[in-house]
Amino acid sequence: MKSTLKFVLDFKIIEIDFSKQKELKTTTTVLNYLRSFPHHKGVKEGCAEGDCGACTVVIAEVNDENKLVYKAVDSCLVFLPMIHGKQLITIENLAVIENKQTKLHPVQQAMLETNGSQCGYCTPGIVMSLFGLYKNHNNPSREAVEEALTGNLCRCTGYQPIIEAAQKACIHNGNDHFSERENEVISLLKRINENEETLILKSKKQKYFKPFTLAEALKIREENPEAIIINGSTDIALRQTKKNEILYEIIDLSGIDELKKVSEDDNNYCFGSGLTLEQLRQYSNDKLPALFKILNVFGSLQIRNIATIGGNVGSASPIGDTLPVLFAHNAMIKVMSQLSERTMSIDDFIKGYRQTDIRNNELITGIIVPKNNNSYLIESYKVSKRKHLDISTVIGAFKLHLNNETVSEIVIAYGGMAATTKRAVKTENFLTAKKWSRENVEQAMDILSGEFTPLSDARSEAEFRTAAARNILLKFYLDTVQKS
Ligand SMILES: Cc1cc2nc3c(=O)[nH]c(=O)nc-3n(C[C@H](O)[C@H](O)[C@H](O)COP(=O)(O)OP(=O)(O)OC[C@H]3O[C@@H](n4cnc5c(N)ncnc54)[C@H](O)[C@@H]3O)c2cc1C
Ligand code: FES
Ligand code: FES
């Protein structure tokens, strides 16, 4: 058992012993930690809920190929122990002093040259997102640039100069003073990570467990059934940052590599519950197009870089974006306790409003998605007020098998229409064994309207949700006709 948190900042190992450090809680966010320093106040708080990107920093970690990978994240949602064993890079680290002169990083220099900053409040966050882009892309497409900036709001510039700065700067294959010091950082991180003992951190009223193996996590879960499980914490952190809740006991799974694996056999893909949504987005590109489509409009890059598939399933939100798609794929959820393992369909796993079938000694360990092998048409549609960085008003996912233009199997699943993700069973039954025709689909749309009684809320009126759900079904029909 270890009780000291360690990470790299300013190319040095920082150690935090919470028992001696009274100003910090185990759930102090990276944002608030940095803001407490005299020389790291460049990072800003705008919203404290992952929406504005003013707090963006970059985290670097060692991958399987012994290279550093750089990820932009919203520091307002990251608890300090989540960066144990990683390098934290802030805006203050980008420029270097050479011959007594300040030499800006290429992304800073380009922002200066294109007038990419006006009032400047968003600028440190934007520069850090551009730095993440710089380290991951050479000559990025306009799409990749926009993708990197989706999570950063700027009220002043209109974005064009920032996009130009990105295109101007990202032409150096990621080379900079960080590349020159990569080996040095890797050896510091390896020194921290060589010992896989669980971190047990305690601050006033709070206990924070950070295990590094699944076996250890299951043991801690068994012994602490009331503890809150976190993975990316993009849902849970808001309970602290927006509702001022004290999170008394936390089990943080983000350090468990076993839960981040992907495997596949002839029939299934198996995703570890700790796989980030950005890793899953990249993996699903040509394999699971309906999932890929949804993940392209899921949150922002900063959110997807830490949010996990296990967290999306575990939150059981009625507007959880991956859930209808997983329903359409007839996905299975794997859960484990210390002594047993269960696998159940996602339909059975989601029990009610933000409720799952998980027991208080279990963890979600994997999501199994059957391979389509091209025999089904599977599609997904997200309706939201904004295309990016917005929660769904309605989300629909469909799976269809036709036999001589007759429906032999159909799954219709919606989010945003009930307290949980829900299948439109009556509509499915009506369409099964019928000709896949516009006439039948239009009749099915009326059945669908009677199957759900959605809520009116800040996002939408109930009538709009019903109309959107109906129209998505019609859109699916039209798309299938166009494809065939
Ligand atoms: C700015 C912003 C934008 C967002 N945009 C979207 C969006 O477009 N679409 C969308 O669907 N969601 C969105 N979300 C919500 C959130 O990002 C997702 O639900 C995300 O998938 C949660 O994953 P996580 O790893 O961060 O979960 P966490 O916050 O760590 O956990 C979420 C829940 O799952 C449980 N849990 C996590 N892992 C496990 C496990 N292994 N075993 C058992 N229980 C577990 C936790 O206890 C908790 O109840 C957004 C959130 C923010 C802040
Ligand atoms: S402060 Fe707005 S995303 Fe973190
Ligand atoms: S420069 Fe003012 S908010 Fe972006």
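**Strands, a helix and domains**

Reply: A hairpin of 3 residues joins β12 to β13. The model is predicted, so to speak of local features we need pLDDT of at least 70, and side-chain atom pairs count only at pLDDT 80 or more, while totals for chains, interfaces and linings use all residues. Residues are numbered from 1 along each chain as its sequence is written, and chains are lettered from A and ligands numbered from 1 in the order in which they are written.

Me: How many bridges join β12 to β13?

Reply: 3 bridges, with β12 (residues 262–264) and β13 (residues 268–272) running antiparallel. Glu-264 stands opposite Tyr-269 in β13. Strands here are DSSP E runs of at least two residues, helices are H or I runs of at least four, and both are numbered from the N terminus. Two strands pair if DSSP finds at least two bridges between them.

Me: And which residue stands opposite Gly-272?

Reply: Gly-366 in β18. β13 and β18 (residues 363–370) pair in the antiparallel sense over 5 bridges.

Me: OK, switching to the open sheet of 4 strands. What's the order?

Reply: β19-β20-β21-β22, with antiparallel pairing. β19 (377–383) and β22 (422–423) stand at the edges with a single partner strand each, so one side of each has no neighbour in the sheet.

Me: Which helix packs on the sheet, touching β19 and β20?

Reply: Helix α11 (residues 289–296) does that, and its direction makes about 15 degrees with that of β19. Touching goes by contacts, meaning C-beta atoms, placed from the backbone, within 7 Å. The angles run from 0 to 180 degrees between N-to-C directions, using lines fitted to C-alpha atoms, for helices over the stretch in contact. Helix α18 (residues 462–483) also packs on the sheet, touching β19, β20 and β21.

Me: New topic: which residues of α4 are buried?

Reply: In α4 (residues 142–149) they are Val-145, Ala-148 and Leu-149. Buried means 20 or more other C-beta atoms within 10 Å of the residue's own, with C-beta atoms placed from the backbone. Seen down the axis of α4, they fall within an arc of 95 degrees, so they line one face of the helix. That arc is taken from the directions from the helix axis to the C-beta atoms.

Me: What covers them?

Reply: The cover includes α3 (123–136), α5 (160–169) and α12 (301–304).

Me: Last one: how far apart are the centres of domain 1 and domain 2?

Reply: 25 Å, taken over C-alpha atoms. The domain bounds come from an automatic or database assignment. The contact takes 15 residues from domain 1 and 14 residues from domain 2.

Conventions:
Contact = placed C-beta atoms within 7 Å. Buried ≥ 20, exposed ≤ 12 C-beta atoms within 10 Å, placed from the backbone.
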